[in-house]
Amino acid sequence: MTTASAIPVEVATTPDGAPSFAAVAEAHLDTVLRYLAHLTQNRDLAEDLTSATFERALRDWRRFDSRKGRVAVWLVQIARGVALDHFRSEGRRRDRERRYAAGETEVLPPPEAGIGDPRLRQALAGLTRAERELIALRVVLELDTAEAAGVTGASPSAVSTGLHRALGKLRDEVGDLR
Amino acid sequence: MTRPGPTADRLDELLAGAAPAGDEETALLALTTRLRTLDDQPASAALRERVAVIAQGPADRPDPGAAGLLARAREALRFGDGPRRPALVVGSILALLLAAAISVPVISGGSEDSGARAPAIVGSEGDDGAAGTFAPNAPGAKAGGAAESAPQAADSARSAATSAVPGGVVPPSPDPGRPQEVIVSTRVKVDDVDALSGASADAMRAARDLGGFTVSSRFSVPSGEEGSADLVLRVPTDRVEQALTAFAGLGTVISQDASLTDLGEQVDRTQRRIATLRTRLTEARAELAKAPDDVVLQARVEAFERALSRRVAEQRGLQRRAALARIDLTLTTIGPDAPESDNRFVVAFQRSWDRFATVLEWLIAAAVFLVPVALIALVAGWLSREGRRRQEARALGRS
């Protein structure tokens with residue numbers, strides 16, 4: 001059981017004591033990437049979205065207020081917005097293509113091979129993005145319920161219930177992994 | 001089918017570090033451990049370098065300034081980019097136009113109303129200083145007790161016969177020792193047409209209570225909002241002040257013209273003529289008694305009798321004119337507002353009230369303008385938020 005937070009805390013600071021954006025980006029790159037990898041189930045796409053996330057984060061860096069929450073949570077929020085924008089534009093693109101290629105069967109890409117149990121990977125691919133997002137936030141990144149609720153815009157109870165349901169589905173698919 | 005396991009709350013506790021109890025919780029924690037190791041590989045060197053370049057690029061760049069903010073605003077409002085931006089811009093313009101369309105008639109309606117209330121001095125003031133003519137201080141004197149009914153005002157005035165008429169109205173003050181004719185024209189503004197008939201009835205009742213009567217009355221309401229009543233009343237001359245006090249209580253005195261004519265000389269002359277006629281009549285009758293068949297003497301006696309009768313009637317007319325004053329009372333819904341009082345406190349209060357009313361009027365106008373905008377903005381915001389949520393749910397595959 002992991003008890004330590006999956007998000008690094010210490011980052012380099014500027015001479016005036018504030019963390020530099022470069023140090024923040026270096027420290028939280030893997031956090032953002034893991035979140036996006038779980039959400040998209042596509043490592044290459046996750047890397048592209050990670051770059052876009054840090055571009056947007058740099059633009060908004062001056063508006064970040066550490067009193068309102070951790071920088072990692074703020075970055076994940078931005079990553080989520082970037083991902084949603086991508087999904088939306090991708091959805092529109094697919095709609096257009098579907099209209100032009102009416103009658104053709106769409107072939108979804110299979111889940112990528114990667115590190116970890118292939119059965120678990122397959123089961124994860126069967127979940128919705130919302131369910132995968134909750135697992136990424138609560139289990140992988142180990143955000144607490146309130147932070148996860150802040151990122152998703154849902155209520156804490158909805159986060160708890162959604163996570164419970166998502167893990168239940170995974171267990172049904174993969175069985176006992178001990 | 002989802003197998004039975006820890007509840008959502010218990011799951012939160014387990015993720016927070018609680019020790020597992022039982023096989024189900026242990027299995028669940030094993031699953032979370034596997035999930036953490038899934039894809040647990042650091043970012044590639046290429047990505048790390050790319051992000052480092054991004055982070056180093058315009059690091060600590062200066063504040064974008066007004067031009068930057070303008071560019072961002074332009075970008076934010078760019079058509080065809082965001083999902084609802086065109087609709088938002090068009091909706092905002094429509095909201096402003098709608099608010100203007102609603103508010104302009106309301107505001108201009110208020111101005112017309114103000115215009116209708118603009119002072120239009122009515123009535124006339126007498127020539128100040130002219131012999132026997134009284135002129136009121138100013139039109140628009142509000143009676144002290146507007147709510148007080150006319151009979152009540154008459155009663156209170158009767159108990160203080162010499163008190164001044166409130167509000168600056170100067171009534172004629174006939175000399176009780178001399179025969180004088182008093183004619184007063186007064187114009188009183190009442191609140192509305194509904195109050196007109198009641199005020200007319202009160203005026204006639206007040207005249208009757210003071211020992212007078214109504215000579216004529218004419219009631220006219222040409223439109224549903226404006227009207228007037230013209231009353232000709234006669235009241236004892238020594239009670240003119242009380243009558244005017246009572247009439248002033250019906251509303252706001254907006255003009256008053258009073259004239260007082262001394263009838264003493266006419267009365268004296270008539271009396272002298274009557275006395276002369278009586279003397280001559282007595283002498284003529286004495287001569288006729290000596291010569292009853294004298295036709296000339298008979299004609300002279302008859303002529304003296306007719307002349308005496310006319311003079312006596314003339315004298316009675318003069319006495320009636322002196323005994324009863326004529327009051328031409330016009331009750332109207334049209335007229336200027338009451339003037340400011342001489343009392344400094346009242347003046348200050350009135351001015352403050354006027355300013356407050358003006359501010360209130362503007363606030364209401366602003367509210368009339370802003371409420372539709374705010375409502376439309378609220379609805380637009382709600383719709384936009386719901387749209388975003390739907391899009392987000394679709395993108396995340398939520399049901």
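**Notes on the predicted model**

1. Chain B exposes about 23,400 Å², and carbon and sulfur atoms supply 57% of it (Shrake-Rupley method, 1.4 Å probe, with only the protein chains shown as cover for residues). This is a predicted model, in which local features need pLDDT of at least 70 and side-chain atom pairs count only at pLDDT 80 or more, while totals for chains, interfaces and linings use all residues. Residues are numbered from 1 along each chain as its sequence is written, chains are lettered from A, and side-chain values use heavy atoms, without hydrogens and water.

2. Of the 399 residues of chain B, 33% count as buried (under 20% relative accessible area; exposed is over 50%, partly exposed in between; 1.4 Å probe, protein chains only).

3. Now to the rings: six aromatic pairs turn up over all chains (Phe, Tyr or Trp, the last by its six-membered ring, with centres within 6.5 Å; planes under 30 degrees apart are stacked, over 60 edge-to-face, the rest tilted). F21(A) and F54(A) are edge-to-face, because their centres are 6.4 Å apart and their planes at 65°. Both F21(A) and F54(A) are buried.

4. W61(A) and F64(A) make a stacked pair, 5.5 Å centre to centre with 10° between the planes. W61(A) and F64(A) are buried too. Ring pairs join F21(A), F54(A), W61(A), F64(A) and W74(A) in a cluster.

5. One for your viewer: R129(A) lies over the face of F87(A), 3.7 Å from the ring centre (NZ of Lys or CZ of Arg within 6 Å of the centre and within 35 degrees of the ring normal).
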